[in-house]
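Here is a short briefing to read with the model open beside you.

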Amino acid sequence: MNVLSVEKLAKSFGPRQLFKDLSFGLEKGQKTAIVARNGSGKSTLLKCIAGIERPDSGIVTFNKGIRVGYLDQSVEMTSSRSVVDEMLDRDDPVSNAIRDYDHALAKGLEGPAMQRALERMEELNAWDYEARAKGLLHRFGLRDMEQAVNTLSGGQQKRLAMAKVLIDLPDVLILDEPTNHLDVHMIEQLEEELSAPHMTLLLVTHDRYFLDNICDEIIEIEFGELTRYKGNYSYYVEKKALADEVRDATQQHLKGLMKRELEWVRKMPRARGTKSKSRLDAFDKIKADATRRFDREQVKIEVKTDRLGGKVIEARNLTMGFGDPADKARYKPIVEHFNYSLKKGDRIGIVGPNGVGKSTFIDLLTKRQKPTMGKVTIGETVVLGTFDQQGLQLKEDQRIIEVVRDIAEVIPLNKGRTLSASQLLERFLFDKEQQYQYVSTLSGGEKRRLYLCTVLMRNPNVLILDEPTNDLDIPTLNALEDFLTDLDVCLLIVSHDRFFMDKLCSKLLVFEGEGRIKEWVGSYTELRDLQKQKLREGSSKRVEQQSAPSNSALKEKPKKLTYAERLELEKIDKSMPALEKRKAELLLLMAEGGADHHTLMERSIDLERTTAELERMTDRWLELSEKEG
């Protein structure tokens, strides 16, 4: 069943034509991604389809009764209101009643205030909606309903925005960069959520693993044309390469044919008959096709790197946290007694869940924040290049060329070569005409590309990249990966892009929470596979080890666990499956609804306790398992 039809859609931004005559449709359950370069209007296209912006021309038609959910590329919540207020950000009786009840519950109110809240919930039959809202927030890792949204991390805000989209059970989801700022665990959970057969998706994302795991169709917009590929991202890459080869060969053939026809045109007598006229018209068509430009400009990244000495960045007894260390309940440790020495040639990824303090850790290493204890030493030969999550703070009324010229008019390269500011921008795909446009005309991805240009033009020999892949298009990501692979610099990367990390990093610093940071040698995918395998199969694996022949057991190295720790590990093995089962049951019961408010309140409290205990056991299990070897 067709749920969406887009017919001859067009949109311009000032003198710039973003897209024109785009037509396509979506069937129920179809999962389609749009792939195009930065600045080609992907986000604007999604907004036009979602009804956020009006197209210049064309028609968008949804099937009757279809509910549409839209997630914006940029999520920035600056309000001090609570998570529950933001989740139910609408002025209707049901939402108002749920907010009042949740606030009363959080504050421990009793008597008339609680009674009024309960009566209002009963009167409006709001319990099912409240259960669905809480179930979504729990699934997306948001358990403190009273936390102010402006204190949430970027990833937590993105999760909250996704929960807000899903609460109304949309039939069609339109998602713009849904994985931006999300940690890998949340991305994997989102993949599971969106893989449901009934879910219809139209999305834009740069996450290539996400595209592979979720999408069954890719729509490419290139050279003003729309091409559909019935398959995931890997299928698209393969078929696109073949299509490009065929088109290039066809154009070469047309150029040869045009050359022969051109000779005939030059020799043709002035008196033209009917046949000559038709052949001349055919020549004009051949000439137009043969001379059409299909050049794909690639980002050309080149820098001059100064010699890097043996000492790069050294951390000794680094300790940092938020809150009063004496108040254990409210103190949040970021890093505890951390010692590490970044060496020449290191390519290290920093991974961990949202809100664990990875960006703060970067600020400590670059001395933008002072530690509570310990010291960071930066080598004398180090030239730092830092690419932040927040991006470059640009003036909207500043021209693009001025942004670069404010840093340098001439950029030195290797072997005594130089580039002007304009030439450098051309290498980053800002042509001479666009260079004199205002920053306000740039898309989110183009602003990130400009920011990358300003970081690299300083010729750093130590690059610290915090979520560098957000909003960049796939061709730019490919160019950046190839450049960083061959570049002789020290790399420190914070990213949840599994493809990007697998390609560039051979070592990881894994943030486990509570200030614990451990080193992992290997790829990000290998780490995730091991973590998931441990959670799924840890118990059965140890049962097999215990049942191994006694002579093999004698050859094994002595365990490092104490007797008490071994008993604790066995107890956790027995308890965790029951807790996981109980959590799944509670989530299912809350999603179904239908129970009275006392039962729902008890289930909600039980879910919070069960989730907290499961997380505590999981952390302890991983700690003991690693010690066991």
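Which residue lies over the face of Phe 430? Arg 449 does, at 5.0 Å from the ring centre; a charge counts as sitting over a ring if NZ of Lys or CZ of Arg is within 6 Å of the ring centre and within 35 degrees of the ring normal. Please keep in mind that this is a predicted model, in which local features need pLDDT of at least 70 and side-chain atom pairs count only at pLDDT 80 or more, while totals for chains, interfaces and linings use all residues. Residues are numbered from 1 along each chain as its sequence is written, and side-chain values use heavy atoms, with hydrogens and water left out.

**Aromatic rings**

- A pair of aromatic rings is described by the distance of the centres and the angle of the planes.
- Searching the whole structure gives eight aromatic pairs (rings of Phe, Tyr and Trp, the last by its six-membered ring, with centres within 6.5 Å; planes under 30 degrees apart are stacked, over 60 edge-to-face, and the rest tilted).
- One of them is the edge-to-face pair of Tyr 209 and Phe 499, with 5.5 Å from centre to centre and 65° between the planes.
- Tyr 209 belongs to helix α8 (residues 208-214) and Phe 499 to helix α17 (residues 498-504), so this pair ties together parts that are 290 residues apart in sequence. Helices here are DSSP runs of H or I with at least four residues, strands are runs of E with at least two, and both are numbered from the N terminus.
- Tyr 209 is partly exposed at 25% relative accessibility, and Phe 499 is partly exposed with a relative accessible area of 26% (buried means under 20%, exposed over 50%, and partly exposed in between, using a 1.4 Å probe and protein chains only).
- Phe 338 and Tyr 340 make a stacked pair, 5.9 Å centre to centre with 15° between the planes.
- Phe 338 is buried at 9% relative accessibility, and Tyr 340 is buried at 16%.
- Phe 338 and Tyr 340 also belong to one aromatic cluster with Phe 361 and Phe 511.

- How many of the six residues of strand β8 (residues 217-222) are buried? Six of the six are, and the strand is mostly covered.
- In a regular strand the side chains alternate between the two faces of the sheet.
- Both faces of β8 are covered, with Glu 217, Ile 219 and Ile 221 buried on one side and Ile 218, Glu 220 and Glu 222 buried on the other.
- Strand β3 (residues 31-35) pairs with β8 in the parallel sense over four bridges (strands pair if DSSP finds at least two bridges between them). Thr 32 has Glu 217 in β8 as its bridge partner.
- Strand β9 (residues 225-229) pairs with β8 in the antiparallel sense, over five bridges. Here Ile 221 is bridged to Leu 226 in β9.
- β8 and β9 form a hairpin with two residues between them, and Phe 223 in that turn has a positive phi of about 55°.

**Positive phi in loops**

- Most residues other than glycine have a negative phi, and most peptide bonds are trans.
- Glu 177, which is not a glycine, has a positive phi of about 50°. Glu 177 sits in the loop between β6 (172-176) and α7 (184-194) and is buried, at 5% relative accessible area.
- Lys 367 also has a positive phi, near 65°. Its place is the loop between α11 (358-365) and β13 (373-378), where Lys 367 is exposed at 52%.

**Residues and their contacts**

- Arg 528, in helix α18 (residues 524-546), is buried with a relative accessible area of 12%. Leaving out residues up to four places away in sequence, Arg 528 touches Val 184, His 185 and Glu 188 (contact means heavy atoms within 4.5 Å).
- Gln 434, in helix α14 (residues 432-435), is buried at 9%. The residues beyond four places away in sequence that Gln 434 touches are Arg 16, Ile 400, Leu 429, Leu 442 and Glu 446.
- Lys 311 is in the loop between α10 (274-290) and β10 (313-322) and is partly exposed at 43%.
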